[in-house]
Number of protein chains: 2
Amino acid sequence: MNIEKYPSRLLENAVNEFSKLPGIGRKSALRLVLHLLRRDKEEVTAFGESLIQLRSEIRHCKVCHNISDSDVCQICSSPSRNNSVICVVENIRDVMLFENTHQYNGLYHVLGGIISPMDGIGPNELEIGSLIERSESEDIVEIILALPTTMEGDTTNFYIFRKLKDKPVKVTTLARGVAVGDDLEYTDEITLGRSLTNRVLYESSVGK
Amino acid sequence: MNIEKYPSRLLENAVNEFSKLPGIGRKSALRLVLHLLRRDKEEVTAFGESLIQLRSEIRHCKVCHNISDSDVCQICSSPSRNNSVICVVENIRDVMLFENTHQYNGLYHVLGGIISPMDGIGPNELEIGSLIERSESEDIVEIILALPTTMEGDTTNFYIFRKLKDKPVKVTTLARGVAVGDDLEYTDEITLGRSLTNRVLYESSVGK
């Protein structure tokens with residue numbers, strides 16, 4: 001029951017673009033586009049330009065690979081952050097989640113994914129090499145592995161742990177307050193904050 | 001539990017814009033924006049430009065007020081359409097719904113809403129005057145009232161019927177195959193097509 005006949009090529013284009021987004025079908029896309037048609041021209045132009053700017057101007061911090069408006073992100077360049085601790089996360093969304101707990105004052109390292117052979121993602125596709133370099137060149141005392149508690153997350157944890165084993169750095173992981181198999185995004189802030197406070201040595205977390 | 005700290009002003013802008021859309025909260029907006037960040041720059045630019053073009057270049061047909069890429073829309077200017085029948089609808093979405101039934105070959109008239117005193121919409125805010133003009137100046141034999149079967153739709157139907165009563169034009173309305181109180185958008189195409197085929201004289205539809 002698709003709506004296939006559009007009275008305007010411009011309308012059809014916009015519907016096509018919206019329906020490429022995850023979770024938005026053609027009917028929802030049409031509804032959003034009709035909504036935009038009722039809005040002021042300036043507002044819709046601002047929306048369109050925000051998307052073009054987003055993708056063309058946004059940069060990644062050259063230290064932690066979080067997204068940033070400058071070469072080095074606000075967190076990495078802040079003098080008030082504890083720069084002896086690095087929290088390793090899968091993506092930039094997770095950085096925001098941890099920042100929201102207000103219980104962490106260290107730095108981050110965004111891997112850009114986790115090891116997933118099924119999706120063709122190996123260690124070389126991720127920012128693991130640069131993490132190892134940071135652990136060597138900076139005064140890092142502790143590296144917190146904060147990856148999802150899934151099989152892929154565990155695999156990635158273990159891979160990084162082995163790479164760091166002989167370096168003079170403490171490797172910790174989130175307390176298992178996070179339910180196994182759960183996505184970090186759906187964990188409430190208190191649990192997430194506590195799992196960060198109660199982080200344990202990686203070795204003890206895998207039962208050795 | 002909002003995600004309030006954004007690592008980038010550009011990211012925050014884009015999230016703000018998406019969350020202004022109906023049915024999209026801040027978490028969904030962030031998810032959509034992060035999805036766009038993973039897409040090619042050209043694709044995202046095309047998306048942004050399609051929105052800007054949509055709002056700045058789209059026009060309304062000066063005859064039927066449907067949206068159009070030109071002064072007069074494809075339907076009004078088509079020589080193969082029956083230009084003695086006008087189907088009166090609330091908005092452009094409804095035009096698409098009727099076109100999809102493939103059971104109608106006449107013209108349309110888009111009111112741009114229905115009479116709703118609660119929302120401050122009276123007859124003067126709608127394209128009713130131009131409908132009356134069309135019924136006078138063109139060779140119109142029949143006007144089909146295809147408004148929602150709600151109280152506001154019934155009110156608007158009755159208002160238009162009274163205006164057209166003394167003109168030499170047959171006023172019909174959709175067969176009540178459409179469930180009373182239902183939105184046209186959620187009616188299946190077969191029911192919608194049948195309700196168009198079995199349309200009845202407005203007078204008999206109100207039980208006179």
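Is A:His102 buried or exposed? I began with this residue in the predicted model. I found that A:His102 counts as exposed, at 63% relative accessibility.

**Entry 1: the two His102 residues**

I placed A:His102 in the loop between α5 (92–101) and β4 of chain A. I then looked up its backbone and noted a phi near 55°, a positive value in a residue other than glycine. I turned to chain B and located B:His102 in the loop between α5 (92–101) and β4 (107–110). For B:His102 I recorded a positive phi of about 55°, although the residue is not a glycine. B:His102 counts as exposed, with a relative accessibility of 64%.

**Entry 2: chain A as a whole**

I counted nine helices and seven strands in chain A. I next asked how its extent compares with the globule rule. The radius of gyration of chain A is 21 Å, whereas the rule gives 17 Å for 208 residues; the value is well over that figure, so the chain is more spread out than a compact globule. Along the principal axes, I found that the C-alpha atoms of chain A fill a box of roughly 65 × 40 × 35 Å.

I looked up burial and found that 51% of the 208 residues of chain A count as buried.

**Entry 3: helix α6 of chain A**

Which residues of α6 (residues 128–137) in chain A are buried? I listed A:Ile128, A:Ser130, A:Leu131, A:Ile132, A:Arg134 and A:Ser135. I then looked for what covers them, and the cover includes β3 (85–89), β4 (107–110), β5 (142–145) and α7 (151–164) of chain A. As background I noted that an α-helix has 3.6 residues a turn, so residues three or four places apart point the same way.

From A:Ile128 I took a distance to A:Asn198: the two are 70 residues apart in sequence and 25 Å apart in space, C-alpha to C-alpha. A:Asn198 is found in the loop between α8 (189–197) and β7 (200–201) of chain A. I recorded A:Asn198 as partly exposed, at 41% relative accessibility.

**Entry 4: the nonpolar core**

Which residues touch the most other members of the largest nonpolar core? Of its 88 residues, I found these to be A:Leu11, A:Phe18, A:Phe98, B:Leu11, B:Phe18 and B:Phe98. The general expectation I kept in mind is that nonpolar side chains tend to be buried together in soluble globular proteins.

I followed B:Phe98 further. Not counting residues up to four places away in sequence, B:Phe98 touches B:Cys87, B:Val89, B:Tyr108, B:Ala146, B:Leu174, B:Leu184, B:Leu192 and B:Leu196.

I located B:Val171 in strand β6 (residues 170–173) of chain B. B:Val171 counts as buried because its relative accessibility is 6%, and the cut-off is under 20%. Beyond four places in sequence, B:Val171 touches B:Ile143, B:Leu145, B:Phe161, B:Leu164, B:Leu201 and B:Tyr202. I also took the separation of B:Val171 and B:Tyr108, which are 63 residues apart in sequence and 14 Å apart in space, C-alpha to C-alpha.

One of the contacts of B:Val171, B:Leu201, lies in strand β7 of chain B. B:Leu201 is partly exposed, with a relative accessible area of 44%. Leaving aside neighbours within four places in sequence, I found B:Leu201 in contact with B:Lys170, B:Val171 and B:Thr172. B:Leu201 and B:Ile144 are 57 residues apart in sequence and 9.1 Å apart in space, C-alpha to C-alpha.

**Entry 5: two loop residues of chain B**

I placed B:Asn198 in the loop between α8 (189–197) and β7 (200–201) of chain B. B:Asn198 counts as partly exposed at 41% relative accessibility.

Lastly I looked up B:Ser84, found in the loop between α4 (74–77) and β3 (85–89) of chain B. B:Ser84 is buried, with a relative accessible area of 18%. Apart from residues up to four places away in sequence, B:Ser84 touches B:Asp139, B:Ile140, B:Val141 and B:Glu142.

How values were computed. Residues numbered from 1 in each chain as written. Chains lettered and ligands numbered in written order. Predicted model: local features only at pLDDT ≥ 70, side-chain atom pairs only at ≥ 80, totals over all residues. Heavy atoms only, no water. Helix = DSSP H or I, 4+ residues; strand = E, 2+ residues; numbered from the N terminus. Rg over C-alpha atoms; globule rule 2.2 N^0.38 Å. Buried < 20%, exposed > 50% of the residue type's maximum accessible area, 1.4 Å probe, protein only. Core = buried A, V, L, I, M, F, W, Y, C linked by side-chain atoms within 4.5 Å. Contact = heavy atoms within 4.5 Å.
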